[in-house]
Amino acid sequence: MSKNLPSRADEKAGGIQVIARAAKILNALGEKPYGMSLGEIAQAVDLPRSTVQRIVAALDSVQMIRTHGAGGVRLGPALLRLTSSVHADVVEIARPWLHALSAATNETVSLSRASGKQLAIVYYVVADRELRVVPRIGLNLPLYSTSGGRALLALENDDDIRILLGDAYATITEYTIKTLPELMARLNEVRKSGVSYDHSETLDGVSTMAVAMDTVLGRFSISLLMPNSRFQKHEARYRDEILKCKEIMLHELGRRAVRD
């Protein structure tokens, strides 16, 4: 074999390196749904801009990403279709544990994800009792007004939250958060306690409690929904049960590694 030709081992190592670099770029874009410039990507993944440009071009050619001018590199339709399939898989994995949480609390449970500025419910279990809360699949509610939405927002950094939400906060009920500083204060509480609450902010008379999961299959929130009166009476037990469910789910779905 000529000394100038790469060996199979060298080719394999080079291929693995390219895949690893592409994965880092896709992960970085997944953290910035509103898009990144090539320079921002290069800084985030610690690679030369020229290397990032080559990999981005290759990913764009197979629709794994989309490019819109100098500052608009985003995840593409091919990857988003895969993500949609993953959500279906997550529901199948989560289903028994969500039913177990509902049985343990005798309350309605929902599984949700962020969809832009909205909280999208992807699955729910309705409590088997006379007075209960019944959500709707696909019902989109503002992230800032719901316990599940704020649990997910608490995983983001403050700058990304400001960019995503802006300064406009529609009033849903008289208790809805109305300003960014108020929201940030609430998110700091969620980061400290690990649990998010909503008392009549989205629907009068209804309280919700939620936790967020940062998994290898994406970020999801689990919420308990109940009348205000039952929340006040059983808050401690509900909190213990939802945190227990979160740990089981993270074990089943895989906890995403924390990056420095």
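Student: Which residues does D60 touch, not counting residues up to four places away in sequence?

Tutor: This is a predicted model: local features need pLDDT of at least 70, side-chain atom pairs count only at pLDDT 80 or more, and totals for chains, interfaces and linings use all residues. Residues are numbered from 1 along each chain as its sequence is written, and side-chain values use heavy atoms, with hydrogens and water left out. D60 lies in helix α3; helices (H or I, at least four residues) and strands (E, at least two) are DSSP runs, numbered from the N terminus. Contact means heavy atoms within 4.5 Å, and on that basis D60 touches I65, R66 and T67.

Student: What is the relative accessible area of D60?

Tutor: Buried means under 20% relative accessible area, exposed over 50%, and partly exposed in between (1.4 Å probe, protein chains only). D60 is partly exposed, because its relative accessible area is 31%.

Student: How far apart are the C-alpha atoms of D60 and V73?

Tutor: Along the chain, D60 and V73 are 13 residues apart.

Student: At what angle do the axes of α2 and α3 cross?

Tutor: Two packed helices are described by the angle between their axes and the distance between the axes. Here axes are lines fitted to C-alpha atoms, for helices over the stretch in contact, and angles run from 0 to 180 degrees between N-to-C directions. The axes of α2 and α3 come within 9 Å, and they cross at roughly 110°.

Student: Is α2 roughly parallel or roughly perpendicular to α3?

Tutor: The crossing angle is roughly 110°. Angles under 35 degrees count as roughly parallel, over 145 as roughly antiparallel, 65 to 115 as roughly perpendicular and the rest as oblique. So α2 and α3 are roughly perpendicular.

Student: How do the residues of the contact of α2 with α3 divide into nonpolar, polar and charged?

Tutor: From α2 come L38, G39, I41, A42 and V45; they meet R49, V52, Q53 and V56 in α3. Ala, Val, Leu, Ile, Met, Phe, Trp, Tyr, Cys and Pro count as nonpolar, Asp, Glu, Lys and Arg as charged, and the others, Gly among them, as polar. That gives six nonpolar, two polar and one charged.

Student: What is the phi of D46?

Tutor: D46 sits in the loop between α2 (38-45) and α3 (49-61). D46 is exposed, because its relative accessibility is 67%. Its phi is positive in a residue other than glycine, near 60°.

Student: Where is N106?

Tutor: N106 is not a glycine, yet its phi is positive, about 60°. With a relative accessible area of 32%, N106 is partly exposed. Its place is in the loop between α4 (77-105) and β3 (108-115).

Student: Why does R150 count as buried?

Tutor: R150 lies in helix α5 (residues 147-153). Its contacts, leaving out residues up to four places away in sequence, are L143, Y144, S145, I177, L183, R186, L187, V190, S196, Y197, D198 and E201. R150 counts as buried because its relative accessibility is 1%.

Student: How far apart in space are I177 and T146, C-alpha to C-alpha?

Tutor: I177 is in the loop between α6 (158-165) and α7 (180-193). At 0% relative accessibility, I177 counts as buried. Beyond four places in sequence, I177 touches Y144, R150, Y169, E182, L183, R186 and E201. T146 is 31 residues from I177 in sequence, and the C-alpha to C-alpha distance is 9.7 Å.

Student: Which residues does E156 touch, not counting residues up to four places away in sequence?

Tutor: E156 lies in the loop between α5 and α6. It is partly exposed, with a relative accessible area of 23%. K32 is 124 residues away in sequence and 9.9 Å away in space, C-alpha to C-alpha. The residues that E156 touches are E31, I161, R191 and R219.

Student: Where does α8 bend by about 80°?

Tutor: The expected span of a helix is 1.5 Å times one less than its number of residues. A straight helix of 26 residues would span 38 Å, but helix α8 (residues 228-253) spans only 31 Å between its end C-alpha atoms. The bend at a residue is the angle between axes fitted to the seven residues ending there and the seven starting there. In α8, the bend of about 80° is at H234.
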